[in-house]
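Please keep the view at hand as you read.

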Amino acid sequence: MTQPVSGGCACGAVTFEITGSFEAFFLCHCARCRKDTGSAHAANLFSSSATLEWLSGADRVKTYRVPDSRHEKSFCPDCGSALPGLQMDGTLLVVPAGSLDSAFDMRPTAHICCASRAAWDEDLESVPRLDGLPG
């Protein structure tokens with residue numbers, strides 16, 4: 001990624017820009033990531049060199065860290081949207097892919113923590129696909 005990418009939360013209170021490249025894009029199926037997203041997996045981009053600039057709402061961002069773990073999630077307290085966060089004492093930028101408004105060309109690197117994925121998270125390719133809402 002050479003162009004900066006931008007993003008924000010659903011309610012618009014928090015916006016940001018990221019400059020630099022990502023080293024990995026993981027789809028994590030662990031129980032904590034499923035709780036974070038309410039879905040089958042989290043989709044996070046990781047960088048040890050990209051920079052994060054808050055354009056608005058930096059003081060609004062909340063971060064929750066699971067006690068006695070490295071697992072944390074940053075989010076907007078108004079709408080609940082997942083937001084980027086600096087982790088591991090500021091050495092790792094973790095960006096929820098869905099928080100980005102800009103297009104980016106990186107494909108997921110790997111599905112991780114598949115041994116702990118939800119029982120219903122199998123053979124999803126066989127589930128019917130709809131272009132809009134059902135009904």
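The paragraphs below take up salt bridges, aromatic pairs and pockets in turn.

This is a predicted model, where local features need pLDDT of at least 70, side-chain atom pairs count only at pLDDT 80 or more, and totals for chains, interfaces and linings use all residues. Residues are numbered from 1 along each chain as its sequence is written, and side-chain values use heavy atoms, with hydrogens and water left out.

Let us begin with charge. Side chains of opposite charge can pair when their charged atoms come close. Here a salt bridge is a side-chain nitrogen of Lys or Arg within 4 Å of a carboxyl oxygen of Asp or Glu, and the count comes to 4 salt bridges. One of them joins Arg60 to Asp78, at 2.6 Å from N to O. Arg60 sits in the loop between strand S5 (51-56) and strand S6 (62-65), and Asp78 in the loop between strand S7 (72-75) and strand S8 (82-83), so this contact ties together parts that are 18 residues apart in sequence. Strands (E, at least two residues) and helices (H or I, at least four) are DSSP runs, numbered from the N terminus.

How accessible are the partners? Buried means under 20% relative accessible area, exposed over 50%, and partly exposed in between (1.4 Å probe, protein chains only). Arg60 is partly exposed at 30%. Another salt bridge links Glu72 and Arg65, whose closest N and O atoms are 4.0 Å apart; Glu72 is buried at 17%, whereas Arg65 is partly exposed at 47%. Arg117 and Glu122 also form a salt bridge, with 3.4 Å between the closest N and O atoms, and Arg117 is partly exposed at 31%.

Now turn to the rings. Rings of Phe, Tyr and Trp (its six-membered ring) pair if their centres lie within 6.5 Å; planes under 30 degrees apart count as stacked, over 60 as edge-to-face and the rest as tilted. The structure holds 3 aromatic pairs. Among them is the edge-to-face pair of Phe16 and Trp54, at 5.9 Å centre to centre and 80° between the planes. This pair links distant parts of the chain, with Phe16 in strand S2 (residues 15-19) and Trp54 in strand S5, 38 residues apart. Phe16 is buried at 0%, while Trp54 is partly exposed at 26%. For Phe25 and Phe104, the ring centres are 5.9 Å apart and the planes lie at 55°, so the pair is tilted.

On a 1 Å grid over the protein atoms alone, a pocket is an open set of points where a 1.4 Å probe fits, with protein on both sides within 12 Å along at least five of seven lines; lining residues have an atom within 4 Å of a point. Points are joined across faces, edges and corners, and a volume is the space filled by probe spheres set on them. The largest pocket holds about 760 Å³. Of its 32 lining residues, Asn44, Phe46, Glu72, Gln87 and Val94 are the closest to its centre. S4 gives the most to this lining, with 4 residues. The second largest pocket has a volume of about 250 Å³, and its lining includes Arg117 and Glu122, the partners of a salt bridge described above.
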